[in-house]
Amino acid sequence: MIGSKSAALMVSGVLTAALFGAACMASAQTQRGGGREGVRDGGRDKVFTEEKLNHDGRERMYLVHDFSRGQKAPVVIMLHGGGGNAENGVKMSQFDQIAARERFIAVYPEGTSKRGPLKTWNAGHCCASAIEEKVDDVGFISKVIDNLVASGKADPSRIYVT
């Protein structure tokens, strides 16, 4: 078993690496789509939920597509590319199709911006206002994970970030 301090450092290192990768990705689409999109799940429409939380003095948002069917499930957190946003991450990755088939929870957090829909992550050495304002994205993602685990939906031993 990993001690809580070691686990926190491991999560921080993994998230920092994931945020670095997301910040460096070129986003193919940068505009928010109009309206919410549903996905098909066994003949029923399954629409994501928009969750909000306050972290480090900011209201932050993330989208959740829960295909767990009431059981503790793996979680895949998909970070959009620099200049993208949560909805763009849904469209770009199409993790919802895999989540529906494999019965996991797909989560799409959103970066920050002072410039409208073009969101970025603080990857430690870049990008845009996220680095300028020293946004705590690692803390935000950690809080998202804590909320999912506390809800009883997420299996804490199967949390993944891409």
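How many disulfides does the structure hold? In this predicted model, the count is 1. The disulfide joins Cys126 to Cys127, with an S to S distance of 2.2 Å. About the S-S bond the angle is -55°, and the link of Cys126 and Cys127 is left-handed. Cys126 and Cys127 are both buried.

The sheet comes next. It is an open sheet of 5 strands with mixed pairing, and the strand order is β3-β4-β6-β5-β7. At its edges are β3 (49-55) and β7, each of which pairs on one side only. From one strand to the next the twist averages 25°. Within the sheet, β5 and β6 run parallel and are joined by 3 bridges. Val75 stands opposite Ile105 in β6. Helix α3, residues 95-102, packs on this sheet and touches β4, β5 and β6. The direction of α3 makes about 155° with that of β6.

Packing of side chains can be followed from the largest nonpolar core, which has 16 residues. The members that touch the most other members are Tyr62, Val75, Ile77, Val107, Phe140, Ile141 and Val144. Two or more residues come from each of β4 (58-66), β5 (73-77), β6 (105-109) and α5. Of these elements, α5 gives the most, with 5 residues. Apart from this core lies another, of 13 residues, among them Phe48, Met78, Val90 and Tyr108.

Leaving aside neighbours within four places in sequence, the contacts of Val75 include Ile105, Val107 and Leu148. Val75 is also in contact with Ala154, Arg158, Ile159 and Tyr160.

Lys153 is the last stop. This residue is in the loop between α5 (137-150) and β7 (154-161). Is Lys153 buried, exposed or partly exposed? Lys153 counts as partly exposed because its relative accessibility is 40%, which falls between the 20% limit for buried and the 50% limit for exposed. Beyond its neighbours within four places in sequence, Lys153 is in contact with Asp66, Gln71, Lys72, Ala73, Ile105 and Leu148. Two of these, Ile105 and Leu148, are contacts of Val75 as well.

Notes: Residues numbered from 1 in each chain as written. Predicted model: local features only at pLDDT ≥ 70, side-chain atom pairs only at ≥ 80, totals over all residues. Heavy atoms only, no water. Helix = DSSP H or I, 4+ residues; strand = E, 2+ residues; numbered from the N terminus. Buried < 20%, exposed > 50% of the residue type's maximum accessible area, 1.4 Å probe, protein only. Contact = heavy atoms within 4.5 Å. Core = buried A, V, L, I, M, F, W, Y, C linked by side-chain atoms within 4.5 Å. Disulfide = S-S within 2.5 Å. Pairing = 2+ DSSP bridges. Axes fitted to C-alpha atoms, helices over the stretch in contact; angles between N-to-C directions.
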